[in-house]
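I opened the model to look up a few local features. My notes follow.

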Amino acid sequence: MPQNEDCVVSYTDCLHGEDLCLQVDFTDGGSEQIVLGSETDDHCIFDGFFLSEPERTVAATSPDCPIKPSSDLHVTFRHPKCKGMYNNIYQSSENREYPKRPVPKPMKSHFHKMPEGRQNITASNFTYQFPSTGFDLRMMVFYDRGFLQQHYHNKYYARQTVQKLIAHAKQTYLTQDKCQYLKMPKVHFVIEDIAAMDWSFPQGEDMYDYFLSDELWYFTRNYHVEADLYHYIQYNPDGSGIADLTENKVDGPGVCNPDRGMRKAISGWTGDHNDVQYNGGTFAHEIGHTLNMHHDFVHPSGMNPPSEDMCDRGDRYWNGVSCTWMASVMDYWCDSEKEFYKDWSCCSIDDFKYLYNKRIQKYGKYCLDTHSNTCYNEETDGYCNYKKSRGYCDYAYYYHKACRKTCKQCST
Ligand SMILES: [Zn+2]
């Protein structure tokens with residue numbers, strides 16, 4: 001085991017008949033097992049958890065569909081004994097030299113002006129606590145024509161890439177980082193649909209103008225599906241993104257705005273299938289802006305447009321603790337040698353909770369639905385009954401996840 005590796009993931013045989021099982025070896029000699037099932041019929045997007053700890057979720061996707069014993073695997077999870085969320089397996093000849101943790105590039109993006117009082121946050125006692133079950137975020141996802149072209153004009157492959165990206169991005173919202181008395185709530189993605197756009201979005205600086213244009217605002221506000229967020233994925237080699245930032249205002253843009261056209265984000269897709277976690281990170285970052293999360297740094301210029309050096313930045317503080325240079329979701333990743341992608345900073349949780357409290361004070365409730373933790377099957381009842389009849393309720397994946405209701409026979 002190389003010295004700088006803190007935990008190593010490898011394929012292992014499944015003891016309980018799941019679709020895919022992995023072993024994680026830690027430097028202290030211990031190991032854990034991960035069990036996963038395929039979310040889709042094509043057996044290339046996997047969703048699972050640690051066998052000893054079903055609340056600790058894992059996403060795994062492969063460039064190969066269906067997956068083979070020789071396939072590379074992109075694995076995302078958070079574990080206190082592992083440095084970052086990305087713990088990949090590279091074994092194919094073309095990717096063997098690829099780093100286990102993909103090197104983050106400084107994310108090219110818009111800079112937002114930091115609202116008054118948010119640069120150095122003084123910790124406050126919030127009246128309203130987040131619901132213990134977290135929230136549901138209903139999302140309508142689109143991809144542009146450039147994205148489709150990169151998938152040989154095949155909507156099946158394009159959709160598959162979108163699903164992979166979401167599988168990794170959602171892990172960020174299922175880990176619950178704590179910061180003293182602050183705890184990030186789980187935000188459960190509910191994907192309303194994935195739709196293809198007929199046109200390509202402009203790239204480079206023009207993308208920012210397009211985001212602010214009447215054209216995109218009008219399209220979004222008139223789209224026939226109701227959602228909390230309209231998230232556009234565009235082919236964009238620089239991987240940048242932009243979102244409706246709530247700006248700390250109770251009626252500001254973002255997921256709580258009554259106008260659909262003010263609840264949108266664009267996330268870039270770089271075109272490299274080995275960037276699936278990086279692109280998923282951008283997707284998660286842009287969602288953060290729509291929840292009132294600002295950047296985890298302060299830019300000397302104070303605001304737009306991006307300067308030449310993305311990493312020329314100052315620290316942002318929460319209660320005297322720096323939120324910068326931790327490779328958190330709302331930071332830029334500037335030093336890949338030292339930074340390992342984590343999740344939420346204290347500043348991010350405080351930003352979210354600040355607006356959550358302001359909304360409840362003004363309207364008596366928050367705009368996102370509280371997640372319902374009732375017992376349900378993720379697969380259809382018919383499928384679960386069939387699995388149960390074949391004895392699959394003894395297998396962890398079905399018992400804890402796919403057929404929770406059928407296998408546990410709980411009432412709803
Ligand atoms: Zn940003």
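This is a predicted model: I read local features only at pLDDT of at least 70 and side-chain atom pairs only at pLDDT 80 or more, while totals for chains, interfaces and linings use all residues. Residues are numbered from 1 along each chain as its sequence is written.

**Sheet.** I took helices (H or I, at least four residues) and strands (E, at least two) as DSSP runs, numbered from the N terminus. Strands pair if DSSP finds at least two bridges between them. I found an open sheet of three strands, ordered β7-β17-β18, with mixed pairing. β7 (120–121) and β18 (321–322) each have a single partner strand, so one side of each lacks a neighbour in the sheet. I then checked β17 (residues 317–318): two bridges join β17 to β18, and the two run antiparallel. Tyr317 stands opposite Ser322 in β18.

**Helix α6.** I call a residue buried if 20 or more other C-beta atoms, placed from the backbone, lie within 10 Å of its own, exposed if 12 or fewer, and partly exposed in between. In α6, 13 of the 18 residues are buried. Gly364 follows α6, and its phi is positive, near 80°.

**Val58.** I count a contact when C-beta atoms, placed from the backbone, lie within 7 Å. Leaving aside neighbours within four places in sequence, Val58 contacts residues including Ile34, Phe49 and Phe77.

**His273.** I located His273 in the loop between β14 (264–269) and α5 (276–290). His273 is partly exposed, with 17 other C-beta atoms within 10 Å. The C-alpha atoms of His273 and Pro63 are separated by 6.7 Å, though the two are 210 residues apart along the chain.

Terms used:
Two residues are in contact if their C-beta atoms, placed from the backbone, lie within 7 Å.
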